[in-house]
Amino acid sequence: MNRIGKQTIVLKNLPKIIQTASVVGQKEQDGKLGGTFDYVIDDGRFGEKSWEKAESKMQKKAVEILLKKADKKNEEIDFIAGGDLLNQCMGTSFGLADFNIPFFGLYGACSTMAESLCIAAMTVDGGYSKNTIAVTSSHFCSSERQFRFPLEYGGQRTPTSQWTVTGSGAALVSDEDGQIAITHITPGKIVDMGIKDANNMGAAMAPAAIDTISTHFKDRNIDKDYYDLVVTGDLGKLGHAITKEQLAKEGLDFKNKYIDCGMEIFDLESQDVHAGGSGCGCCASVFAGHIYSLLKKGEINRVLITATGALMSTTSSFQGESIPGIAHAVAIERV
Amino acid sequence: MKMTKKQYQQYAESKADKSKLWLDMFNAFWIGGLICMIGQFFLNTYMNLNFDKEIAGTLTSITLVFASALLTGLNVYDNIAKKAGAGTLVPITGFANAVVSPAMEFKNEGYVMGVAANIFKIAGPVITYGIIASVLSGIIYLFL
């Protein structure tokens, strides 16, 4: 069995992440990680009529850049696994249709980048695919209109609210030789601790992140210092603080080696994003840009990417249901 | 993590940054007050133009609603509201913004299923309960 412990999968053939690509909006480019992305859309509409079309185009652009960077043709890609936040994942379906690549549509809310990497890694490791692309996106404007209020509505945000990242990230997982491999994955469980405030997704998702990360360490039986970087997707300031404190209580005190993409991508003080960034595109663009380049340069050798998702819908919110959280962990190491 | 749901909710609540209540209230007070002062200025102006008080009041409302709708269309209103909170929400300007912003947002879905179907998405509950409240108070008034 290529499985250890409770829920961790060992990828014995070490599928490699041979290339990544990222596309972001201007606000993200103006943030702390500006310059680490492949392409910046200066106009939020990206020349399209609707925000949804802009998001699709952004995801399409990310895959196009990825194929170009990896010097691959569409026909060489066996599968593409992706999703986004919009109803029925329309951002992805409309964005990827033209590629003519067999497609796994995924919904894991903001955890989708890790989920798609899990699927990609398993297809390649199992010998079902030579090349699989993992891709996700989110767009501030399309998310606002679906989950919250019209853009021009005059409302106030609470301090725990987060700002959806306009961005897309894609990674090519391959059976070719390479230095950066996915060694283990720990798919997470749905964890619901009863948080109901849709403006406090960090607190809603943190228990899932804690559960997945601590399970991953137990399953692999590794020391807390094993990874050079432990990364969560979009917990923001509050979720990060909760996760850090609770993991430390369980003997996993990562100190400064634990970061959250939502806090990395924006400058929390000057960019008016309250608790930080969120959305599928947050973890995706930070991983595809900043973190992958750290791995490539050898500045870090082992990283645990734990993308987190809040699995609520507008219907469940209006019906007074709490917000179930999820987190999937992907161990990426230089080999 | 060994916590019950209730314990966790209290724990998360205790760690969360709180809204700056006094600052928010101060901003709501002076911006809301300023909007009312602008309203009063228009009311006085219209009365000086020899409109009687009732018509001048109606004209004042129309002016404020127009200004709010225009500022919403120019992408300015939400930036003021971000600071003002209830200061821009409570006056009639907030209602205009609540109608214009969905009308703008849902243009992509067409004029029937988009704009028309969604224009009262935010203001609808106010209208519904406003009518119910006025009917109830009318009935009470009838018997007094």
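## Strand β11 of chain A and its partners

In this predicted model, Val231(A) has Ile259(A) as its bridge partner in β12(A). Strand β12 of chain A spans residues 258-260, and β11(A) pairs with β12(A) in the parallel sense over three bridges. Pairing requires that DSSP finds at least two bridges between two strands. Strands (E, at least two residues) and helices (H or I, at least four) are DSSP runs, numbered from the N terminus.

Strand β14 of chain A, residues 302-310, runs parallel to β11(A) and is joined to β11(A) by four bridges. Leu229(A) stands opposite Val303(A) of β14(A).

## Side chains and crossover

Strand β11 of chain A covers residues 229-232; Leu229(A) and Val231(A) point one way, Val230(A) and Thr232(A) the other way, and all are buried. Buried denotes under 20% relative accessible area, exposed over 50%, and partly exposed in between (1.4 Å probe, protein chains only).

Helix α7 of chain A (residues 236-249) forms a right-handed β-α-β unit with β11(A) and β12(A). Right-handed means that, with the strands pointing away from the viewer, the path from the first strand over the helix to the second runs clockwise.

## Phe120 of chain B

Phe120(B) is located in the loop between α7 (111-118) and α8 (124-143) of chain B. Phe120(B) is partly exposed, at a relative accessible area of 46%. Leaving aside residues up to four places away in sequence, Phe120(B) touches Val99(B), Pro125(B) and Ile127(B), where contact means heavy atoms within 4.5 Å.

## Conventions

Residues are numbered from 1 along each chain as its sequence is written, and chains are lettered from A and ligands numbered from 1 in the order in which they are written. Local features need pLDDT of at least 70, side-chain atom pairs count only at pLDDT 80 or more, and totals for chains, interfaces and linings use all residues, while side-chain values use heavy atoms, with hydrogens and water left out.
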